Amino acid sequence: QLADARAQLQNGSAAFEAEIHELKGQCVRLQEESEKARQDKERVELILEQFHNEETSKSSYELKRLKDSVAALESAAAAKDKQIVELTEQHKGQHPDLKAGPQ
């Protein structure tokens, strides 16, 4: 009986050790999967941040380009207005019906 009890204890102990070994393996796999998921998340966050930065940069560039275009058009319009006023002033004497300034 004692020998049977020892054999059962050893079998139980071996089964317990095998289960512990299997659980340790599962833990390692889960840790690896968790680390991979964390790395994937970081990669996605970095991609999203880069995309956001690129879009913000593009938007800023487009806004600056549009502002520069508007400023150039305003400057050109002001120069034309000035030219009209100057031409009107020069020809005022020749054409009395002309008024100074753009119409």
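## Exposure of the charged residues

A residue counts as buried under 20% relative accessible area, as exposed over 50%, and as partly exposed in between. The model described here is predicted. Glu 35 has a relative accessible area of 31%, so this residue falls in the partly exposed class.

Arg 38 is partly exposed at 38%, and Lys 36 is partly exposed at 49%. Asp 40 has a relative accessible area of 26%, which makes this residue partly exposed. For Arg 43 the value is 47%, again partly exposed.

How many salt bridges does a search of the whole structure find? The search finds 8. Side chains of opposite charge can pair when their charged atoms come close.

One of the salt bridges joins Glu 35 and Arg 38, with 2.3 Å between the closest N and O atoms. These two residues sit 3 residues apart in helix H1, so about one helical turn separates Glu 35 from Arg 38.

Another salt bridge links the side chains of Lys 36 and Asp 40, at 3.0 Å from N to O. Both residues belong to helix H1 and are 4 residues apart, about one turn of the helix.

Asp 40 and Arg 43 lie 3 residues apart in helix H1, about one turn of the helix. Salt bridges with shared partners also join Glu 35, Arg 38 and Glu 42 into one network.

## A buried threonine

Where is Thr 88 placed? Thr 88 is part of helix H1, which covers residues 2-91. Is Thr 88 buried or exposed? Its relative accessible area is 9%. Because buried means under 20%, Thr 88 is classed as buried.

The side chain of Thr 88 has a polar atom 2.6 Å from the backbone oxygen of Ile 84. A polar contact requires a pair of N or O atoms within 3.5 Å, and the distance between the Thr 88 side-chain atom and the Ile 84 oxygen is 2.6 Å.

Definitions and conventions: Residues are numbered from 1 along each chain as its sequence is written. This is a predicted model: local features need pLDDT of at least 70, side-chain atom pairs count only at pLDDT 80 or more; totals for chains, interfaces and linings use all residues. Side-chain values use heavy atoms; hydrogens and water are left out. Buried means under 20% relative accessible area, exposed over 50%, partly exposed in between (1.4 Å probe, protein chains only). A polar contact is a pair of N or O atoms within 3.5 Å; within protein, one must be able to donate a hydrogen and the other to accept it, and residues adjacent in sequence count only if both atoms are side-chain atoms. A salt bridge is a side-chain nitrogen of Lys or Arg within 4 Å of a carboxyl oxygen of Asp or Glu.
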